[in-house]
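Take a look at the model below. Two parts of it are worth a guided walk.

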Amino acid sequence: MSVSRRNFIKGSALLGGSLVVGVSLTGCGPTPLPHAAAGDLQPNAFIQLTPQGDFIMQLHKVEMGQGTHTGLATLVAEELNMPPEMLRIEHAQFHPDFIDPDFYVMLTGGSSSVRTSFTPLREAAAMLSQLLRQAAAEQQGVGIEQVQLRDGSLYVGDKQIAPGSLVEMARQLPQPETLELKPATEFRFIGKQNTRLDAHSKSTGTATFGIDAQYPGALSAVLLRCPHFGGSLKGFDASAAEGSPGLVQVLEVDGAVAVLADNYWHARQAANKIQLDWDKGPLAGVSSDALRAQRHELAKTEEGKVVEELGEASAATGERFEVIYDVPYLAHATMEPMNALAVPTENGLEIWSGMQGVQLAVDAVARATGLEKSQIQVHNHFLGGGFGRRIQNDYVVEAARIAQLSGKPVRLIWSREDDTRHDYYRPNSSALMAATVDGDTVSSLQIKAVAPSIFGQFLPLMTRSLLPAWLPGGVHETIGDMAAGSDPAATEGLIHSPYQFPYKRSNYVMQELTAPLGYWRSVGHSQNAFFIEGFIDELAHRTGRNPLDFRLANMDKASRHYRVLSEVAKRADWGNPPAGQFQGLAVHESFGSVVAEVVTVSVDGGQLKVHKVVCAVDCGMVVNPEIVVAQMESGIIFGLTAALKGEITLQDGAVQQSNFHDYGMLRMPETPEIEVHLLASTNPPSGVGEPGTPPIAPALANAIFAATGQRLRQLPLRLS
């Protein structure tokens, strides 16, 4: 999340006059710990020690494949001076101390997990360590400096003390006023190739994802939703489904139809027999082609909001050159489809699922059901992929409402078709890219991004959690509408570019008509890197320069971009591809990290083959090199899939794709060799979950231009 977005949320909250954003490390405030155990030593919300000697870490950021399970445990283990695998890790329930300092709610996203936890988690562990060492020192009558905590035991000289035996004594000690963290020179685990803690359970099938949660007697449910966005249910006829095997109940739920049966197959088969009558709603007749044409018209006719202007407009001399780039809607397509298990209890509801935003889920369920938040207990699990999709909690609310209305324990499972057609999509977007070229010099770069606003749709969900419950609902929509025209996601990555042209300006024009939108891996960077790095390549060609030399010549030699770009060029042997192959490159900063990639391709008989991707990344201090490399590889494959295949299209306000046959994923034989190089840095860690994705599409498009002379300005890339 960009600074400007954070500031807006902060400003909005201050307007409401109720936001408390401080993250208290003490955990001793008025909010009890949800995982509290009476006999444990719990100096804060993150860490506890049982009398049996178990060190427990509350995983306040979810594990969806990006490595938080290991990465955050490594931070705790470092200060406890024990191998990360000695920790017992539990999925945290909501607590104010788990609120993300960037988002002001408990949420996993924005490649923020390690970055925002790097110091707080180490401080939390250091506090526990200091309490234990102080207790041991008093017990043994020595100074605290004579006590060591190492590999799960305390030592005073050769004498070994079980930490669990000191729990009661340590509970009586005052919390230390100052904490001393390990210096980097003494790190045992940070920066090392530690074993991935979730690898064994996921490899052996014993890991528990949301879809694995069980409850005795729970029914399976499928939900039939209006295929047209904004449409509604006019009526339905379930008579043909009567008597279907295993069918228990059919009921209307908030404008959709829920089918409950003894298992998923029976529920789905019965659902297929139900006749439905939909009102197509406000998007009837709307298509992707029409939306793209509207964006192009807006780019020509609307000035929009100026979001960045550097230099004097008079510096824009020479011939003006402009083109339009386009990207489509994209679905998240997580391997584990949306699902949730909801059970009515005497006090309210209990829910099991995999969520990126536990706090938002509780709030959303409370609003939908009329229950108090205290009546809703949520259990989080491993996520079979998130990529931003599970920040939205529609599937959790659906399960809760079905359970509430039926009075039965219910497991709601989305089909792949449900998932593809009812996602919150990466926005379709266009950019009018323009420059003035004076001889062989680029005198200005002028960009106009035209896109619908994620922020306008998502911000009301945030403010409902942040602002007082007594505010009328319309206030949240008003805040969303106010923010939409300044959505930083629409221009992130276009502004603050490393290129030092005499004049730079970026504008944003909001497209109001759209499908539901959400945060997709790397958010606005995912399309804006394609826009700007593709256009920079065009400018290099137009001025007769090598793409690498042109970039380096127009950026600060002391910048991280210069360093990363130089490194990837060296590692990829830029300019010397194998015979018959061609290279393209791109560099982009997102979530605090700078990533450059060189793609090598060949084109034979109109068929494109991607041979190799070489990646260099500066992500600050590396906590676990293997996980960072895996995240770069994952981001590259994710981005290649979108660049080569990803496209969600609308017809009559409904999604045309349905499953992997028409919304394809990159297959293993299509995946190129990937080589990742991590640049050494002493800066604090920055994001790694998303920054690998943005540069790959422009690097690939630039390689295709080198191979064919075709400048492809629209994703997915298709050779003519």
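This is a predicted model: local features need pLDDT of at least 70, side-chain atom pairs count only at pLDDT 80 or more; totals for chains, interfaces and linings use all residues.

Now look at α8 itself. This helix covers residues 358–369, 12 residues in all. From first C-alpha to last, α8 reaches 16 Å, close to the 16 Å expected at 1.5 Å a residue. Of its 12 residues, 10 are buried, so α8 is largely enclosed by the rest of the structure. Buried here means under 20% relative accessible area. The buried set begins with a run from V358, Q359, L360, A361 and V362 to D363, A364, V365 and A366. T369 is buried too. After α8 comes G370, with a positive phi near 80°.

Next, turn to a sheet. It is open and has 3 strands, in the order β1-β2-β3, with mixed pairing. β1 (47–49) and β3 (88–91) stand at the edges with a single partner strand each, so one side of each has no neighbour in the sheet. From one strand to the next, the twist averages 25°.

Follow β1 to its partner. β1 and β2 (residues 55–59) run antiparallel, joined by 3 bridges. In this pair, I47 stands opposite M57 of β2.

Two helices accompany the sheet. Helix α2 (residues 68–80) lies across β1, β2 and β3 and runs at about 140° to β2. Helix α3 (residues 113–140) also packs on the sheet, touching β1 and β2. The direction of α3 makes about 30° with that of β1.

Notes. Residues are numbered from 1 along each chain as its sequence is written. Side-chain values use heavy atoms; hydrogens and water are left out. Helices (H or I, at least four residues) and strands (E, at least two) are DSSP runs, numbered from the N terminus. The expected span of a helix is 1.5 Å times one less than its number of residues. Buried means under 20% relative accessible area, exposed over 50%, partly exposed in between (1.4 Å probe, protein chains only). Two strands pair if DSSP finds at least two bridges between them. Axes are lines fitted to C-alpha atoms, for helices over the stretch in contact, and angles run from 0 to 180 degrees between N-to-C directions. Contact means heavy atoms within 4.5 Å.
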